[in-house]
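Reader: Could you walk me through reading a structure like this one, a feature at a time?

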Amino acid sequence: MDRVVTLFGGGGFVGRYVAQALYKTGARVRIAQRDPRTAFFLKPLGALGQTQFVGVDIRNPDQVAAAVQGSFAVVNLVGILKGNFEQFHIDGAQNIAEAAAAAGVRSLVQVSAIGADPESPSRYGRSKGEGEEAVRAAFPNATIMRPSVVFGREDNFVNRFAAMVRLLPFLPVIKGAAKLQPVYAADVGRAVTAAALDPQTHGGKTYELGGPQVVTMRELNEFICKATGRNRMLVDIPDGVAGMMAKATGWLPGAPITSDQWLMLQKDNVVGERARGLKDFGISPTPLAAVSEGWLTSYRRHGRFAAKQPY
């Protein structure tokens, strides 16, 4: 296969898994992001000449237009958790969709998120929803991917809690009853790749990607404690206190939760009952426990030499 697939944000956490899935198909991968040097680690993972790099700011329409030239498919993986959501999630997504349409690109995949809704109370969810609308307006046959919380070796979710478990004598749990359906990054990568390379089957559709288990925030933290061999007491933070903490300190660098993330936690992050999902790609979702042994060992008291913990 000699198709060029351009990945905006291809050097990010999810992007690297999409790139690796594409390498296996023989596609040529063009990594487009603000600082391509941060994605150079991908080059040895592909064959000789299989990876290209280009510096692009998706807020700049001219740079985006240049980056998509000659592409069979384009994937937008750019997302932020704080900052100017409108510039990246709406304007940037629109720039990519308009450029893809103008260049005659066959396939466009917009990676969004479960909870994307133009009426969402959170700026993140609202901007993701408006971004989807902007993409569909410019490129009607675009495929929308909405993953739940994505986990993997390089994630900033499971790893963040594991680091807290290692450092703190107890683990504070915010919104412990909130439900999540964590999905493995490699499964997301395979689904995005399938959608990008087969627009005839997947174009114009929306998929929600979740793992095989729905867990509460408290259950997830209990699992992390067991997997890392750390016997920690879990302390549920009352909603009133958590809400005030998010509002008062959420703007600080490294804050445990922002006010916008607090708003997102008010609604469960799970796949809808009638939604298309991984099964429509023939992908069996990977449980967290099946792969986390590979990296959570580093958080145990004796690292990989510690005795394995029962899950």
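Author: Let's start with helix length: the expected span of a helix is 1.5 Å times one less than its number of residues. Keep in mind that this is a predicted model. Helix α6 (residues 185-197) has 13 residues, and from its first C-alpha to its last it reaches 18 Å, close to the 18 Å expected.

Reader: What does α4 (residues 123-138) reach from its first C-alpha to its last?

Author: Helix α4 has 16 residues and reaches 22 Å, close to the 22 Å expected at 1.5 Å a residue.

Reader: How many of the residues of α6 are buried?

Author: Buried means under 20% relative accessible area. In α6, 10 of the 13 residues are buried, so this helix is largely enclosed by the rest of the structure. Among them are Ala185, Asp187, Val188, Gly189 and Ala191.

Reader: And which elements do the buried residues of α4 pack against?

Author: The buried residues of α4 include Tyr124, Gly125, Lys128, Glu132 and Val135. Their packing partners are α3 (85-102), β5 (107-111), β6 (143-147) and α10 (259-264).

Reader: Let's turn to the sheet. What is the order of its strands?

Author: It is an open sheet of 7 strands with parallel pairing, and the order is β3-β2-β1-β4-β5-β6-β11. The edge strands, β3 (51-55) and β11 (206-209), each pair on one side only. From one strand to the next, the twist averages 20°.

Reader: Over how many bridges do β4 and β5 pair?

Author: Strand β4 (residues 73-76) pairs with β5 in the parallel sense over 4 bridges. For one of the residue pairs, look at Ala73, whose bridge partner in β5 is Ser107.

Reader: Which strands does α1 lie across?

Author: Helix α1 lies across β1 (4-8), β2 (28-33) and β3, and runs at about 170° to β1. Val14, Gly15, Ala19 and Leu22 are among the buried residues of α1. The cover over its buried residues includes β1, β2, β3, β7 (150-151) and α6. Just after α1, Gly26 takes a positive phi of about 90°.

Reader: Can we zoom in on single residues? What does Asn76 touch?

Author: Asn76 lies in strand β4 and is buried, with a relative accessible area of 1%. Not counting residues up to four places away in sequence, Asn76 touches Phe8, Ala93, Ile96, Val109, Gln110 and Val111.

Reader: Gln110 is in that list. Is Gln110 buried or exposed?

Author: Gln110, which has its place in strand β5, is buried at a relative accessible area of 3%. Leaving aside neighbours within four places in sequence, its contacts are Asn76, Ala93, Val135, Thr143, Ile144 and Met145. The C-alpha atoms of Gln110 and Val75 are separated by 6.0 Å, although these residues are 35 apart along the chain.

Reader: Now the aromatic rings. How should I describe a pair?

Author: A pair of aromatic rings is described by the distance of the centres and the angle of the planes. Planes over 60 degrees apart count as edge-to-face. The count comes to 7 aromatic pairs here. The rings of Phe13 and Tyr17 have centres 5.9 Å apart and planes at 85°, so this pair is edge-to-face.

Reader: Where do Phe13 and Tyr17 sit in helix α1?

Author: An α-helix has 3.6 residues a turn, so residues three or four places apart point the same way. Phe13 and Tyr17 are 4 residues apart in α1 (residues 13-25), and are therefore separated by about one helical turn. Tyr17 counts as buried, at 12% relative accessibility. Phe157 and Phe161 also form an edge-to-face pair, at 5.2 Å centre to centre and 80° between the planes.

Reader: Which residues form a cluster with Phe13 and Tyr17?

Author: Phe13, Tyr17, Phe151 and Tyr184 form one aromatic cluster. As for a charge over a ring, the charged end of Arg3 sits over the ring of Phe72, 4.1 Å from its centre.

Technical notes. Residues are numbered from 1 along each chain as its sequence is written. This is a predicted model: local features need pLDDT of at least 70, side-chain atom pairs count only at pLDDT 80 or more; totals for chains, interfaces and linings use all residues. Side-chain values use heavy atoms; hydrogens and water are left out. Helices (H or I, at least four residues) and strands (E, at least two) are DSSP runs, numbered from the N terminus. Buried means under 20% relative accessible area, exposed over 50%, partly exposed in between (1.4 Å probe, protein chains only). Contact means heavy atoms within 4.5 Å. Rings of Phe, Tyr and Trp (its six-membered ring) pair if their centres lie within 6.5 Å; planes under 30 degrees apart count as stacked, over 60 as edge-to-face and the rest as tilted. A charge sits over a ring if NZ of Lys or CZ of Arg is within 6 Å of the ring centre and within 35 degrees of the ring normal. Two strands pair if DSSP finds at least two bridges between them. Axes are lines fitted to C-alpha atoms, for helices over the stretch in contact, and angles run from 0 to 180 degrees between N-to-C directions.
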